[in-house]
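Open the model in your viewer and keep the sequence beside it. This tour tells you what to select next and what you will find there.

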Amino acid sequence: AMAMAAHTGCNTVFGSTPPNNPHPYPWMNSLFQDGATIGWLIGESFTQNHGRRSVIPERLADYILDEFSEGYEEQDYFDFTHFNDNFMTDDEINEMPKVWVVGGDGGMGDIGFQNVSKVVLQNRPNVKMLMLNTQVYSNTGGQNSDSSVMTGGFDMNQAGPATEGKMSEMKSAVESFLGGHGSPYLAQVSMANSANMYKAMIDALCYRGTCFIQCFTTCQPEHGVPDFASQRQAQFARDSRCVPEWVYNPELGESYAEAYSVKGNSQSKKDWIAKKIPGSKEKFNFTVAHWAFTEARFRQHHKIIKDGNIDGMEFLDDVLKRVTMNDVIHRYHLVKDHRAFIPKNGVYATEYKDDGTPVHHMLSRQMVIFCVERRRAWRVIQSRAGITNEDYEAQKEYIAALDAKASEASN
């Protein structure tokens, strides 16, 4: 029915450590970067075997039982002796064994990214890939990967006076395949919504081509969360816009607006989800900073203000209104006289206890940049789905007014 090719990592160490193997189907783990290529090769062998052992015998039997009433041409002979998946019907493709390639963001999104790119581009009918995105090299000690969030701050990441974290933006391998990689089925999912995740996998299995599914996955020791909290943390990560759910199905059309869907994300026309303060009708924006408060891996980038004194500090929402990712790229966030300046340890965000009591957190500059970067990534996703972001339109007007005022003052 299937086979699995695994990139060596947590999925192999925890899921199939020799001499025990729980998989009741052909399974192989390879070097850290080679799982996708080996899965492709296994897929090719399945295609050949399926043609020789199933499709061709059935078709020849039909010819014989039908007494060759429709003839048997030289081209038919050539097609059978050079048979491949091009000659298979959709039903015959669905009957063919599938290969699942499984790995982490290090093995598939970093070191093995070129291999994955090559396999995605082939668009083979029975190769399906699942990347378990923990946003860190989990199995080798917690180094940053390209998929790590901008704060960094994991076990083997520098965070101190010289650098506050990882200045490169968070890479999303699955989004890389939206352009210039042919017509793969793509999805970003997680256990935040298990029904959507399984539906995406079933649709991917039925798609006549390669699929690449990126699944956010907690790593309890590296993220610093309890074992029972994996689904809860996935929901926080989705709701904070760090890893929003989306599906790209090329069968639905040849434009992003037709093929791209962001169903599963609440308040999809806004920057952030507005959540109710417990015991109150008032609301607050649930940003990636609020998600970060729930995981120990971000401990170097926020600090509870125990006395609650926020005098002289700026509220996160107010700072985010005047800063764009382009400002960060140009490093205007470091220029004191610029509207995009982010004061070091001068920004706070507020979370709320179950009884509605506010808790203020002082944020590192890098945490604020993380919010800006993930907001920008979410806005790009919205635009692909044909959604106009109301908050972005308002921000553009607000910044234009600020810049005009600053220009007048300088003149």
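Start with the whole chain in cartoon view. It holds 16 helices and 14 strands. Helices (H or I, at least four residues) and strands (E, at least two) are DSSP runs, numbered from the N terminus. This is a predicted model: local features need pLDDT of at least 70, side-chain atom pairs count only at pLDDT 80 or more, and totals for chains, interfaces and linings use all residues. Residues are numbered from 1 along each chain as its sequence is written, and side-chain values use heavy atoms, with hydrogens and water left out.

Zoom out. The C-alpha trace spans about 90 × 50 × 40 Å along its principal axes. Of the 411 residues, 50% count as buried. Buried means under 20% relative accessible area, exposed over 50%, and partly exposed in between (1.4 Å probe, protein chains only). Contact means heavy atoms within 4.5 Å. Among contacts between residues at least 6 apart in sequence, 68% join residues at least 24 apart.

**Stop 1: the largest pocket**

Rolling a probe the size of a water molecule over the atoms shows where empty space is left. The search runs on a 1 Å grid over the protein atoms alone. A cavity is a set of points where a 1.4 Å probe fits but cannot get out. A pocket is an open set with protein on both sides within 12 Å along at least five of seven lines. Lining residues have an atom within 4 Å of a point. Grid points are joined across faces, edges and corners, and a volume is the space filled by probe spheres set on the points.

Select Cys 10, Asn 11, Leu 132, Thr 134 and Thr 217. Of the 29 residues lining the largest pocket, these lie nearest its centre. The pocket's volume is about 570 Å³. Now colour strand E1 (2-7), helix H1 (10-13), strand E3 (98-104), helix H5 (105-109), strand E4 (127-133) and helix H9 (220-223). Each supplies at least two residues of the lining.

How many lining residues of each class are there? The lining has 11 nonpolar, 16 polar and 2 charged residues. Here Ala, Val, Leu, Ile, Met, Phe, Trp, Tyr, Cys and Pro count as nonpolar, Asp, Glu, Lys and Arg as charged, and the others, Gly among them, as polar.

**Stop 2: two cysteines**

A disulfide is a pair of cysteine sulfur atoms within 2.5 Å. The count comes to 0 disulfides. Cys 219 is buried, at 10% relative accessibility. Next, select Cys 215. Its sulfur is 12 Å from the closest cysteine sulfur, in Cys 211, so that is too far for a bond. Cys 215 is buried too, with a relative accessible area of 6%.

**Stop 3**

Find Gln 214 in strand E6 (residues 211-216). Gln 214 is buried, at 2% relative accessibility. Show its side chain and that of Gln 188: a polar contact of 2.9 Å joins them. A polar contact is a pair of N or O atoms within 3.5 Å; within protein, one must be able to donate a hydrogen and the other to accept it, and residues adjacent in sequence count only if both atoms are side-chain atoms.

**Stop 3: helix H10**

Select helix H10 (residues 230-239). Its buried residues are Gln 233, Ala 234, Phe 236, Ala 237, Arg 238 and Asp 239. Their cover includes strand E5 (185-190), E6 and helix H12 (288-292). After H10 comes Arg 241, with a positive phi near 75°.

**Stop 5**

Select His 290, in helix H12. Its side chain makes a polar contact of 2.9 Å with the side chain of Thr 287. His 290 is buried, at 6% relative accessibility.

Finish at Ser 364, in the loop between strand E14 (358-363) and helix H15 (365-384). Buried or exposed? Ser 364 is buried, with a relative accessible area of 5%. Its side chain makes a polar contact with the side chain of His 301 (2.9 Å).
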